[in-house]
Structure formats: structure tokens, C-alpha cells
Amino acid sequence: MANFALMSSTPHILWADDEIDLLKPHLMFLRNRGYEITTANNGRDALDMALSTPFDLIILDENMPGLTGLETLSMIKQHQPQTPVIMITKSEEENIMDQAVGSKIADYLIKPVNPNQILIAIKKHLHSSSLVAEKAQRDYREEFATLASMINTASTIDDWYTLYRRLVYREMELAEADSAMSELLANQCREANSEFFKWVRRNYDTWVDADGPTDAAPLTSPRVFPRKVFPLLDAGEKVFFIIFDNFRLDQWRTIKPLVAEYFNIEEDLYTAILPTATQYARNAIFSGLMPLQIERMFPQLWVDEDSDEGKNLNESPLIATQFERYRRKVRFSYNKINDNAGGERLLRDFRSLEANDLNVVVFNFIDMLSHARTESMMIRELAGTNAAYRSLTESWFRHSSALEIFRRIAAAGYRVVLTTDHGTIRVDNPIKIVGDKNTNTNLRYKLGKNLAYNARQVYEVRKPNLFGLPSPNVSTSYAFAAPGDFFAYPNNYNYYVQYYTGTFQHGGISMEEMLVPLITLSPK
């Protein structure tokens, strides 16, 4: 294969048609718009030219003497699979269309074609990236002031849901367009997160108490089952409840097109409780209780922070306690998938799940990816940005057993509630904190005795029992980090700064960690 240069500032197009002389008006039209056009009147000449010249796009007539357009297309694609090819034909036969599409043509046009049709097809395949970038930047410029106003006036959880959705949408649009305005949006997201942190500090104590969420609370972790799962079971639906650990709204939006092939989608958000960590938030989902309630009512199922025992080993029993408390007789299964082999086992045993009213599945890959990114320089390189982190999520979902599990669920006619226990945020600002040897290790929240920190930099909870949180000791307090911050100990400060700056963490307060997707799927 020839080593062709990158696309020049003047796109060079090869147009092959045995009636090329009749297309002079079309050629003139394109040349007047800045395109360099080379012509051929048969497939053999077109192939020879394509193998010797770096064309940016090729237009082929399907019905040429000698080598047909399809034959020419096949040979070109063997040597230049990256070059977009537009096929033009008089025939509307479906088998010809199928062959052309199967050969990965860029576009398929039926004669007669006018110059504008050709121009639109060319722009779609040569200029779409720049046009998308221009539009994304223009749209963001127009919305900048609106977003700034929303940041300054957000006063309810619904305001923050709306703002967060719009910021995620803009971030993904600008990232896809590789726009220079991404940094401006990143600054606006930081400003929004700063205001969100202040808002949570002012309002969180009105949401929860020792007995659970109050009437003033948004939909939080303990209410996910009663609000989203119970109504489906009451309607006689067979339900899968699926948790992707450590899953954010932008990651959901990345895999959404894959899911949409099999399901109709109802997209919502809910608010994860603090700490935004598995031991607290996920156990709250499965039990329908705040952590303090779990500790008091089911001490055998609660594991303290300083225990060496796994913090999420009692999830199935906690689900059972919730059904018992609500006096519901529900036949359910619980499966945790830590690797692709676990997913394959679930697929092999899928038929055995069909007798259940509810099947709960936890996927740990994204959480494992987050931790691996902290510990592995190679993973840090692969997931250096939010966009790269999303890309790895999409690649995992597309190529693992997870997507096949969703296909099987849809084929079996199940409803699905897909959610997470918390999200994650990239941290880059170390905050000094002092604690004793029993202080927990999480970088985004701390609990312990006699914690020392700058109270203005954190959200501090000095009476955990009023917030539905356990107190291992009488003097235990909690400190939650602000967006982008992580806790570092002064006696090993430089190590913490170097090792953890730029990693994805969870446990504290940010839109990414607390405002998380809650998706209801209905099979098509």
C-alpha cells in the first residue's frame, strides 16, 4: 500500500464514470468550490490512479465497462480501506446496494444526481469533523451565558439535574469535536461543581437523619428500590436490576447507543448519599436504609471501616431484609460479575434466572478500571482524560459479555433498571488532613477521631448519627472533600501529591459522584 500524506488543504477527488464527458457541469460546480477533481472513464484506469495518487475521496459509477464499479471498489478497499468511496448507479436493485454497503462504501446515490447532492455527500465525508466542531463551538458560545446563569441560580435538586445534564452534553460534544473551547467548558464545570458543593453543604442535613431520608430529600440511595423496582414488580413485570459500580452520566451516554438497539429508554438521575462509596451508598440501595439504620438493625451485616472484612459481602442478605421489611414475597437472584468469565457463566445459567421475579446483577469492571488507573501507569496513559475514560468504558461494554447479557435480557422480555451506587471524579488538588492510625484510607472522605483539617475546605459532619452515619467511636467525625480535591497526610505529602494527582476517586461531594444515572429499559 502506498504511504499517502494527510489530506491537503485542497481536497483531491477521483471521479470515475464511463460517461464522464457528460458530467462537465458537475465537475465545474465542484472545482468552483475549491475541489481538485481528477477523472477516469473506466474502472481499470481508476484503480491505477487510486493506487498511485493520495485521493481524499473517490466517486465511482457502478455500471462501467470492463471492471464494474463494485469490482473496482473491492480492489480499492483492499489497498486503501481508509479512503471514502461514493457509489453512483442507475440501478435500484437491492442486491447491488447490499454488495456496495457490505464493501463499506461511504455513500450510495441513484442517478440522476444533481451537483448539490454530490456536494452534500462530499461534505459529509470530508468535512464533517470540522463542521461538527464549528457547530459545537457555536452552540456552546451561544449557551455560555445561559449556563453561567443556571450555575448562579440553581436552588433545587432538579435545577442541578438539569444543569448537570447540559454540562455533560456540552462536554461530550466539544470532546468529540476536539475543540479548543473544551478548556473553557472545563472551567465552567469547575465553577458549577464549586457551587454544587456549597449547595450540598447548606442542604444535606435537611435530607437525612438517623431514621433515613426526609420528605424534603431528593430521590436518594435508600429509595431507589421502592421508587423504581417495586412499581415494576407490582405491575407483574419480570425485572433485572443492574448496577455498574462507579458509573457516571457521561459513561452511560457513551454506551446508550448500544443499549438503544434493544431497548426503549427512560433516562433519569438520582442523588447518591454520602459517602459516595460502595460500603455506604450501595448497601443503602440494597437495604433501603441509611448506613446507621443498617448497623443498628442488622449489625451482623454491617462492616466497620477499620475491619479487614470485605465491605460489600452482604448485599444479597441486605436485599432480602428490604423485601421482608416491606412484607414482599419476591423470588430473586444476586450475581456479582468481576470478570468476563463471570459474565459468561451468567449467560450459561440464564435460563435458570427466568423463574425469578427479580434478578440483581452487579458489574465491577468500571470500578476496577478506576482503581487500575490509579495503580497502573499504562492505564493512566490509556485513560488520561474524561473522553478516554469514556472510550474505555464503551470498548469494555461492546466487547465483553455485558452487551450480550443485555441482548439476552431484551430477548427474554425483561424490564431493566440500570443504575450505579456512585460516580467518580478526577482529582488534582491535595488537601492536608491529620488523623490517627485508625483513620480510613479513602482519599475523598475521612472518618476518625480528632481529625484535623481546614474546615472551610471540606464538608464536616461532627454528629454522624444525625446524618444516618455510624460512629465507630464517640468522637468520630466525617470530612468530605470538595470537587477536585483529595486528602493527603502531611508526613507523606509529596508521595500523595505525586501518586494521586490526576486519578479518578470517589467518596466525596461533586456532581459526578452524587448525580448519577437511573435508567429504566423496556425491550423493543
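Analyst: A residue is called buried when its relative accessible area is under 20%, exposed when it is over 50%, and partly exposed in between (1.4 Å probe, protein chains only). Helices (H or I, at least four residues) and strands (E, at least two) are DSSP runs, numbered from the N terminus. The model is predicted, so local features need a pLDDT of at least 70 and side-chain atom pairs count only at pLDDT 80 or more, whereas totals for chains, interfaces and linings use all residues. Residues are numbered from 1 along each chain as its sequence is written, and side-chain values use heavy atoms, with hydrogens and water left out.

The part to look at is strand S1, which covers residues 12-16; because five of its five residues are buried, S1 is largely enclosed by the rest of the structure. On one side of S1 point His 12, Leu 14 and Ala 16, while Ile 13 and Trp 15 point the other way, and every one of these residues is buried.

What does S1 pair with? Two strands pair if DSSP finds at least two bridges between them. One partner of S1 is strand S2 (residues 36-40), joined to S1 in the parallel sense over five bridges, and within this pairing Ile 13 has Ile 37 of S2 as its bridge partner. Another is strand S3 (residues 57-61), which also pairs with S1 in the parallel sense, here over four bridges, and in S3 the residue opposite Ile 13 is Leu 57. Between S1 and S2 in the fold comes helix H1 (residues 24-31), and together S1, H1 and S2 make a β-α-β unit that is right-handed (with the strands pointing away from the viewer, the path from the first strand over the helix to the second runs clockwise).

S16 and strand S17 (residues 476-481) run antiparallel and are joined by four bridges, one of which involves Tyr 459, whose partner in S17 is Phe 480.

Apart from its neighbours within four places in sequence, Glu 394 is in contact (heavy atoms within 4.5 Å) with Thr 254, Ile 255 and Leu 258. Trp 252 is 142 residues from Glu 394 along the chain, yet the C-alpha atoms of the two are separated by 8.9 Å.

As for the whole, the secondary structure of the protein comes to 21 helices and 20 strands, and its C-alpha trace spans about 90 × 55 × 40 Å along the principal axes. Of the 524 residues in the protein, 54% are buried. Among the contacts between residues at least 6 apart in sequence, 74% join residues at least 24 apart.
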